[in-house]
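Subject: Structure handover and notes

Dear colleague,

I am passing on the structure that we talked about, together with some notes on what turned up when I went through it. Please read the notes with the model open beside you.

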Amino acid sequence: MEEKTTQYRVTGMSCAACVSHVEKAVKAVKGVESVAVNLLTGSMQVAGTASEKAVCDAVKKAGYGAFPKGEEADVPMEEEASRLGKRLLISLCFLIPLMYLSMGHMMWSFPLPDFLEGHTANGLAQLLLSAILLCINKKFFINGTAGLFRGAPNMDTLVALGASAAFIYSTAVLILGGGHYYFESAGMIVTLITFGKLLEARSKGKTTDALKQLMDLAPKTAVLLDSEGKEYTVEASKVQVGDRFVIRSGDRIPTDGEILEGTLSVDESALTGESLPVDKEAGQALSAATVCKSGYAVCVATRVGEDTTFSQIIRMVSDASATKAPIAKLADKVSGIFVPAVLAIAVVTAAVWLLAGKEIGFALARGISVLVISCPCALGLATPVAIMVGNGKGAKNGILFKTASALEGAGRVEIVALDKTGTLTKGTPAVTEVLPAEGITEEELLELAYALEAKSEHPLAKAVVIYAEERDIPLVDAKEFKVHPGNGVSAMVKDAVCAAGNVGMMRDYAVLTEEDLRTADRLSAEGKTPLFFGCDGDLWGIIALADVLKEDAKEVVNQLVGMGIRVVMLTGDNQKTAEVIAKQAGITEVHPGLLPGGKEEMLRTLSREGRTAMVGDGINDAPALTRADLGVAIGAGTDIAVEAADVVLVRSRMADLPAAIRLGRRVLKNIRENLFWAFFYNAVGIPLAAGAWIPLFGWEMEPMFGAAAMSLSSFCVVTNALRLNFGSLYDPGRDKKRKIKKPSQKASPCCEAAVPAEKTLTIKGMMCGHCEARVRTALEGMQGVEVLEVSNLKGIARVKVSPAVTDGALKTAVEKAGYEITEIRSL
């Protein structure tokens, strides 16, 4: 049977001990590989080959309810809070007179009607009121007793035992006479715990606000077009791939699609966080749940239902909240033995005070106080509430963590390895320099370049066209346009024979001086591609293009270094190009010439020196993203890279990288604070409740105050986690610098394997850096080939090959990339 991961809803859990019991029961099911239960969301994630029925049966046998997500509607947190609110209100109606009878009259002599005067009459009234309160809050007794009889006591067991002991003892005193009543303690315990549950439920509701806000954005309807062009409205869930739908101003886009005709201005802030609308035209993609601000378009559905980007984001956030962070393991271990330990302490406490000669009422009060002050809830909520709030905060800012361990891992990152192309750089060529020849103005050179490149489909040509259009350069018609594959283009412009291309082509169309060639060599050494332009035998100038650094890359590197993180660049490019980009970005450690396998091997080395995050966007980055301690994918990258990563930066902004690490650090700090509070509360509260300080300081705690403390402990943990919603993730001012991990030894570029034969391939057709990249990718995709150099200026590629790689295989690989090997020389 195929292994799978399934999400379940679990009902009936009240504390960390419940989580421990459910996990123990499910782990015992044959075929279950791993299980993670989340108390906060009432969810469970199970991986393995076990059937859904077997898992659900195991949970039910343990005394809880379970069903696969989607089969039954989830109970909204607001509905749970509403139920608890009503229960609390009714409880207060009976608690107030009970407290008046017990505390007001008996301690402070408040007046009473004549028929309630007297110890017995007062006791009977308290008995009646407290019995009603116990019945109103019967859920504690049902769940607690069931857990006790199954040998799996939980928080409800502690509450039920404490309230029952106070009630039964007081009833016995009433019947037998001669003692103090504790009816008010029984009533106050269940009422205060209900109050605590209400506060907890409301706080939990706030922790899931981000996910609920995302889900509220889901489109409800779609306007489809039938074969005759008539419009009709259907539910968004009924849209099928290939259906045509209409979008107008104000509409929420129902599914992922592509514009067939028309233009739109689309607000994509729901997915990317960017507030400015994006203009879309025919052929461009649309995402579900984004909003059309203006325009009209006919579109076709490309991905529907659970396959849309929006659905995947919701699933990613939800799944991450259902998983468990490694830091939670300590709390899980303690929770498994916590309730039995508390029961034992309560019994021992009562016994010790009886042996010390105290009255049974006093000893019982100390035991009850121990039961009701102990709080396994705070332990169980310490981690999941922080994870849930952290995930929501990340989702609002376009940072998606696939698992809780990924969020925790981001907070532990010590080394960041950055891919170059598409991560540090834009991944597309752009004009960096315009160098007109003597006697030619920049406008004249751009006008010629625009005329020649406007009809070309080459990536470099498109970059020149964009540059000219941004500067409002007029377009002059080019006649007799001709493409020279691998070299450039030529045409008649204003009755002159003009050309654009590499140095080899330009020698046939213009006279090149030594200075021109030196300029070309300088540009190449800087990682740029020089394009020559000439007319009627004269050089008009050179335009340099390069894959330029992203605007925020240098600032991001500075922020990472400021956070005490060692920054490394890994790239398949040659050393000169890599060093130029690294210098611009402020990176001091560079590893160029790496194949995909080499990147993976380098990640192994880096991981031994510190917890490492790899940031990439391409197919060739997938092995490294998987190998790294934390894989971070740029959202605009390939699906394979996104699938391999642990964290996805939806907005494709470099600034989100340090923001993700900041969020991870804050969540980790918050979890530690929560765990400290939970352990500290119990470490201080239990001895106080047991009366350990009575001989020294006379400190004594009544059961009702223990119940109040228990109620507030979980509330404090949840409220502390909600603080994560405040403060910017993009403010480096609060970063605490840590000591940067130094390399244990000077690392050298890795390669696939040591190979004996070095060969030089003469390649026809390369004319720019992108051509170099295509040839390099083709050769790197071959087993047993290491690329040493690819140069369009020299028209060569140098490789190391294993004996198993034939010349014919090299030729085939390069030809598939669109180029031709004319000669292979062995060195």
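Before the aromatic residues are described, a definition is needed: rings of Phe, Tyr and Trp (for Trp, its six-membered ring) pair if their centres lie within 6.5 Å, and planes under 30 degrees apart count as stacked, those over 60 as edge-to-face and the rest as tilted. By this rule the count comes to six aromatic pairs. One of them is formed by Trp-353 and Phe-362, an edge-to-face pair at 5.2 Å centre to centre with 80° between the planes. Another is that of Trp-693 and Phe-697, whose ring centres are 6.1 Å apart and whose planes stand at 45°, so this pair is tilted.

Please keep in mind that this is a predicted model, in which local features need pLDDT of at least 70 and side-chain atom pairs count only at pLDDT 80 or more, while totals for chains, interfaces and linings use all residues. Residues are numbered from 1 along each chain as its sequence is written, and side-chain values use heavy atoms, with hydrogens and water left out.

As for the chain as a whole, the secondary structure comes to 29 helices and 28 strands, where helices (H or I, at least four residues) and strands (E, at least two) are DSSP runs numbered from the N terminus. Buried residues make up 54% of the 827 residues in the protein chain. If a contact is taken as heavy atoms within 4.5 Å, then among contacts between residues at least 6 apart in sequence, 70% join residues at least 24 apart. The accessible surface comes to about 36,500 Å², of which 57% belongs to carbon and sulfur atoms; these areas come from the Shrake-Rupley method with a 1.4 Å probe, and for residues only the protein chains shown count as cover.

Turning to the strands, two of them are said to pair if DSSP finds at least two bridges between them. An open sheet of seven strands has the order S12-S24-S23-S22-S13-S20-S21, and its pairing is mixed. Strand S12 (399–401) and strand S21 (589–591) stand at the edges with a single partner strand each, so one side of each is left without a neighbour in the sheet.

Elsewhere, strand S5 (residues 221–225) pairs with strand S7 (residues 244–248) in the antiparallel sense over two bridges, with Leu-225 opposite Arg-244. S7 is also joined, by five antiparallel bridges, to strand S11 (residues 291–303), where Val-298 is the bridge partner of Val-246.

Which cysteines form a disulfide? The structure holds one disulfide, counted as a pair of cysteine sulfur atoms within 2.5 Å, and it is formed by Cys-498 and Cys-535, with their sulfur atoms 2.0 Å apart. The pair links distant parts of the chain, since Cys-498 lies in strand S17 (residues 496–501) and Cys-535 in strand S18 (residues 529–535), 37 residues apart. The torsion about their S-S bond is about 110°, so the disulfide is right-handed. Both Cys-498 and Cys-535 are buried. Of other cysteines, Cys-18 is buried, with a relative accessible area of 0%, whereas Cys-93 counts as exposed at 53%.

Finally, there are two aspartates with backbone angles worth a look. Asp-472 has a positive phi of about 55° although it is not a glycine; this residue lies in the loop between helix H17 (459–470) and strand S15 (478–484), and is exposed, with a relative accessible area of 69%. Asp-536 has a positive phi of about 50°, again without being a glycine; Asp-536 is found in the loop between S18 and strand S19 (538–549), and counts as exposed at 52% relative accessibility.

Definitions and conventions: Buried means under 20% relative accessible area, exposed over 50%, partly exposed in between (1.4 Å probe, protein chains only).
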